[in-house]
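Please walk me through this model in the viewer. At each stop, tell me what to select and what is there.

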Amino acid sequence: MTQDLAPSVREHTAEPQAAGWWRSAVIYQVYVRSFADSDGDGIGDLRGIRERLPHLADLGVDAVWLTPFYASPQADGGYDVSDYRAVDPLFGDLSDADDLMRRAHELGLKVIVDIVPNHTSDQHVWFRAALAEGAGAASRDRYHFRPGKGVAGELPPNDWESVFGGPAWTRTTEPDGTPGEWYLHLFAPEQPDLNWNNQEVREEFESILRFWLDLGVDGFRIDVAHGMVKAPDMPDIGAREQAKMIGAQVLPFFDQDEVHEIHRSWRRLLDSYGDGRIGVAEAWAPSSDRLALYVRPDELHQAFNFHFLTCPWEAEAMRSVIDESLAATASVGAPTTWVLSNHDVVRHTTRYGGGEPGLRRARAAALLMLALPGSTYVYQGEELGLPEVVDLPDEVRQDPAFFRGTGQDGTRDGCRVPIPWSGEEAPYGFGPGGSWLPQPAEWRELSVEAQSGDPRSTLELYRSALALRRRLPGLGDGEMSWLDAPDGVLALSRPGFVCILNTLDREVELPVPGRPVLATAALHFTGGSVHIPADTCVWWAV
């Protein structure tokens, strides 16, 4: 039985804030430690990235986002920053950063860098001064120091838990050796949270932003953009599940209304450069409506849409998330963003079931994502169809969440294994030495070299999809309509374009809506009908 692909009544249109490159951009996330190693120490670096930039240009992305490469003790993969104006020697130096940005711009790629404003390293000069100067010192007001509860202050100030597991408070030892105040860290103890009610903190970060903008970066991905302000009375939460970054939890240290004033001030700073510099919020808001607040016309340019990332492989659930996401951002005239994987979650090839079924679904999800209105993010290695590495030995793991119990499920190392470039043996072209996390033997078949030129490969699927996305005028930012389709099938229309996704475990037969231009699996035609295999997405020109 077939069903007409007729337009439904639901359409998504918006009056955009203003034309800008970010509204349709495909942005590639580089996890610096795991992309390319130039010096043989087994850890990726800025020079290695610069040497591999032609791969990203050939892939067809518009920009590259770099995870932190600042000076850091590396307690949390560089998200514990000790000096925001210096490059960690693991990754190079400032000249390497400058060379990378210049080469990227020569290739037509924009560069977005991470900024980490919620917390510093415990080795930052500010925090070291706060510990040395003791209770009551002005230096402590840059962070959240509080006296403990109990007779002798032996209990934490409240019951907040770290996202990484365990209490969110650590007690200090005062300069005279006595037990002292407690400090807040929503993540690892080595990452004390900054107090954004302190004017000195605000002025320092504006100076940091200007430093990198003057060096030539095109924008910032703002880490934990929703967590910079805490409820002023820091109330207890009460017994509940482990605090999470992802989900619908309402917490007194996340998504506080006062955070938006900070982002407005940063937007004014970015706009003062007058050449399309952008801010991207990593904001884990409990709803699409709350997330949209971060991208109002006077705030940030984009916010990550993690509701799409966490959506199950079900057509009805996907459509609901897409509808909610588009409606929320349309209400403020902002572009929606779409992302399937990043350095903090299990790779979607594995989330969708792993093995051959997981790869089929991952490929199909990628085509759906690239067909949706707005901007998309590609995490390094997803263009190769890399799965999560789920069997890393405990002795090689470095994720602090792994060592602190249930926080973040301790699974982030598996998505951070260095990617394969070429060759038959590890480290598969990653660098002249080994790799900081071991790569599976089967990755020899998933390398860039192995997949290049194979029309059936995931790499060539991404290259084709990104080339078509540039060429077809109806893709990127703009309007979208749903088309009627059977249960388990999504069909959407863009100007001159139709995308059909079959999420079922069986083939579906539908009328041919146009000329097929790209599919994740082979199609079979009979008369005016097309047979679309299970877990398959197809693009059509109409």
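Buried or exposed, at 13% relative accessibility? Arg142 counts as buried, since its 13% falls under the 20% limit. Show its surroundings: beyond the neighbours within four places in sequence, Arg142 is in contact with Trp126, Leu194, Asn195, Asn198, Glu200 and Val201.

Move on to helix H4 (residues 199-215) and display it with helix H2 (residues 94-106). Two packed helices are described by the angle between their axes and the distance between the axes. For H2 and H4 the angle is about 55 degrees and the axes are 10 Å apart. H2 is therefore oblique to H4. On the H2 side, the residues that make the contact are Leu94, Ala97, Asp98 and Met101; on the H4 side they are Phe211, Trp212 and Leu215. Coloured by class, this contact shows six nonpolar residues, no polar ones and one charged.

Keep H2 and bring in helix H1 (residues 46-59). Here the angle is about 10 degrees and the axes are 9 Å apart. H1 is therefore roughly parallel to H2. From H1, select Leu46, Arg47, Ile49, Arg50, Leu53 and Pro54; they meet Asp96, Ala97, Asp99, Leu100, Arg103 and Ala104 of H2. By class, the contact of H1 with H2 has seven nonpolar, no polar and five charged residues.

Leaving out neighbours within four places in sequence, Trp212 is in contact with Phe69, Tyr70, Tyr84, Arg85, Val87, Leu94, Ala97, Met101, Val217 and Phe220. In soluble globular proteins, nonpolar side chains tend to be buried together. The largest nonpolar core of this model has 124 residues, and the members that touch the most others are Leu66, Phe69, Ile115, Trp212, Leu368 and Trp539. Helix H10 (residues 355-371) contributes the most to this core, with nine residues.

Now turn to the backbone. Which residue has phi near 65 degrees without being a glycine? That is Gln74, found in the loop between strand S4 (70-71) and strand S5 (83-87). Gln74 counts as buried, at 16% relative accessibility.

Then select Ala426, Pro427 and Tyr428. The peptide bond from Ala426 to Pro427 is cis, with omega near 15 degrees. Pro427 belongs to the loop between strand S14 (375-379) and helix H11 (448-451), and Tyr428 lies in the loop between S14 and H11 as well. Tyr428 has a positive phi of about 55 degrees although it is not a glycine. With 3% relative accessibility, Tyr428 counts as buried.

For the last stop, colour the chain by pLDDT. The average is 93, and 93% of the residues score at least 70. Over residues 1-18 the pLDDT is below 50, and this stretch has 57 contacts in the model beyond near neighbours in sequence. Where pLDDT is low, the predicted coordinates should not be read in detail.

Terms used:
Residues are numbered from 1 along each chain as its sequence is written. This is a predicted model: local features need pLDDT of at least 70, side-chain atom pairs count only at pLDDT 80 or more; totals for chains, interfaces and linings use all residues. Side-chain values use heavy atoms; hydrogens and water are left out. A nonpolar core is a set of buried Ala, Val, Leu, Ile, Met, Phe, Trp, Tyr and Cys residues joined through side-chain atoms within 4.5 Å. Buried means under 20% relative accessible area, exposed over 50%, partly exposed in between (1.4 Å probe, protein chains only). Helices (H or I, at least four residues) and strands (E, at least two) are DSSP runs, numbered from the N terminus. Contact means heavy atoms within 4.5 Å. Axes are lines fitted to C-alpha atoms, for helices over the stretch in contact, and angles run from 0 to 180 degrees between N-to-C directions. Angles under 35 degrees count as roughly parallel, over 145 as roughly antiparallel, 65 to 115 as roughly perpendicular and the rest as oblique. Ala, Val, Leu, Ile, Met, Phe, Trp, Tyr, Cys and Pro count as nonpolar, Asp, Glu, Lys and Arg as charged, and the others, Gly among them, as polar. pLDDT is the predictor's confidence in each residue, from 0 to 100.
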